[in-house]
Amino acid sequence: MKAPGRLAVLMAYFMIYVVWGSTYYFIGVALQGFPPFLLGGLRFVAAGLLLLAYSRFRGERVFRGSLVRKSAVSGIILLFIDMSVIMLAQQYLSSSLVAILAASTALWIMVLDVPMWRVNFRIPAVVFGMAAGFLGVVLLFLEQLFLSDGLVRHEYGVILLVLGCISWALGTLYAKYRSCSEERVNEFAGAAWQMLAAGGMFWLCAFARGEASSAGWAEVPSAAWLSLAYLVSFGSILAYTSYIWLLKVRPAAEVGTHAYVNPLVAVVLGTAVGDESVSGVQWAGLGLVLASVRLVAGRKKNNQN
């Protein structure tokens, strides 16, 4: 397999670092016009169909049974579960706090990557870094627990996000070790089937919850439609395919470092454009999580060299 070009890798990292970080804000805007599962169905079915058509145009074998099955599994774990909890959590928490908590994804990848345990847990600094990161998550949970007033249970959002981070980590590792063998020669088709599988699950939930039948299409604000278009084109097609491609050419833990850039982008957008506030405790929690991931990543790199 030909080594990827430096520019291609840099552009892919820009997509998962900056563009993906901005999606937290745009999800919040889109949720002002769409219920969560309907939003997910519209987003991922549209993105999946467009990407599948492009894959077919490129000459990929898009209807291979093994490709569809394995991609569907990773799509449901990576996209449906994780994005469901992110959108549900934003009913309890600000987009900035959601992004801050999502930074722990990189730590979950390291903890759950069983084949890499000998590397991940070889030196005490790595274990210390992971413990510090999870301490930051606990700190944020306790803050939201004390903020809950009985009407809005903010701590539920934290619990949902932790489950989402674990799901994303498992999906990342499944894609790395299982589905990538099928998707390597079908780079875009694999991602397309992942999105379509997730989109199908979103539509099932939307119908089950009555979101599809009760949606007031004429009342959806233009900002929500524009945010949906951004999520389809940039958040799903460009950023997500960049993520799947990077998993094929770079270590999974390295790709997972997007989790400590995304929250910074989300916080900047949330505070500058969305008028969100970030408390001192939240900054402290973010600092603990980001510092721990940076420490772990640095120690692992030095250990591997």
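Me: Which hand does the crossing of α1 and α11 have, left or right?
Reply: In this predicted model, α1 and α11 form a left-handed crossing; the near helix is then turned anticlockwise from the far one by less than a right angle (clockwise would be right-handed). Helices are DSSP runs of H or I with at least four residues, strands are runs of E with at least two, and both are numbered from the N terminus.

Me: And at roughly what angle do α1 and α11 cross?
Reply: Roughly 150 degrees, with the axes of α1 and α11 coming within 8 Å. Axes are lines fitted to C-alpha atoms over the stretch in contact, and angles between N-to-C directions run from 0 to 180 degrees. The crossing angle therefore makes α1 roughly antiparallel to α11 (over 145 degrees; under 35 is roughly parallel, 65 to 115 roughly perpendicular, the rest oblique).

Me: What classes of residue make up the contact of α1 with α11?
Reply: The contact has 23 nonpolar residues and five polar ones, with no charged residues. Nonpolar covers Ala, Val, Leu, Ile, Met, Phe, Trp, Tyr, Cys and Pro; Asp, Glu, Lys and Arg are charged; the others, including Gly, are polar.

Me: Next topic: how many helices and strands are in the chain?
Reply: The protein chain has 14 helices and zero strands. Of its 305 residues, 53% are buried, meaning under 20% relative accessible area (1.4 Å probe, protein chains only), with exposed over 50% and partly exposed in between.

Me: Which residues of α4 are buried?
Reply: They are Ser95, Ser96, Leu97, Val98, Ala99, Ile100, Leu101 and Ala102. That is eight of the eight residues of α4, so this helix is largely enclosed by the rest of the structure.

Me: What about α5, how many of its residues are buried?
Reply: Six of the eight residues in α5 (105-112) are buried, so α5 too is largely enclosed. The buried ones are Thr105, Ala106, Leu107, Trp108, Ile109 and Met110.

Me: How many cavities of 30 Å³ or more turn up?
Reply: The search of the whole structure finds one, and the largest cavity holds about 250 Å³ of space. It is lined by 24 residues, and Trp20, Tyr24, Asp82, Ile86 and Trp168 are the closest to its centre. Elements giving two or more residues to this lining include α1, α2, α3 (65-89) and α8 (154-183). The lining divides into 16 nonpolar, six polar and two charged residues.

Me: What volume does the second largest pocket have?
Reply: About 270 Å³. On a 1 Å grid over the protein atoms alone, a pocket is an open set of points with protein on both sides within 12 Å along at least five of seven lines, whereas a cavity is a set where a 1.4 Å probe fits but cannot get out; lining residues have an atom within 4 Å of a point. Points are joined across faces, edges and corners, and a volume is the space filled by probe spheres set on them.

Me: Which helix gives the most to the lining of that second largest pocket?
Reply: α11 does, with seven residues. The lining has 15 residues, and Phe188, Leu238, Thr241, Ser242 and Trp245 lie nearest the centre of the pocket.

Me: Where is Phe188, and why does it count as partly exposed?
Reply: Phe188 is in helix α9, and it counts as partly exposed because its relative accessibility is 22%. Phe188 and Ile237 are 49 residues apart in sequence and 9.2 Å apart in space, C-alpha to C-alpha.

Me: What conventions apply to the numbering and the values?
Reply: Residues are numbered from 1 along each chain as its sequence is written. Local features need pLDDT of at least 70, side-chain atom pairs count only at pLDDT 80 or more, totals for chains, interfaces and linings use all residues, and side-chain values use heavy atoms, leaving out hydrogens and water.
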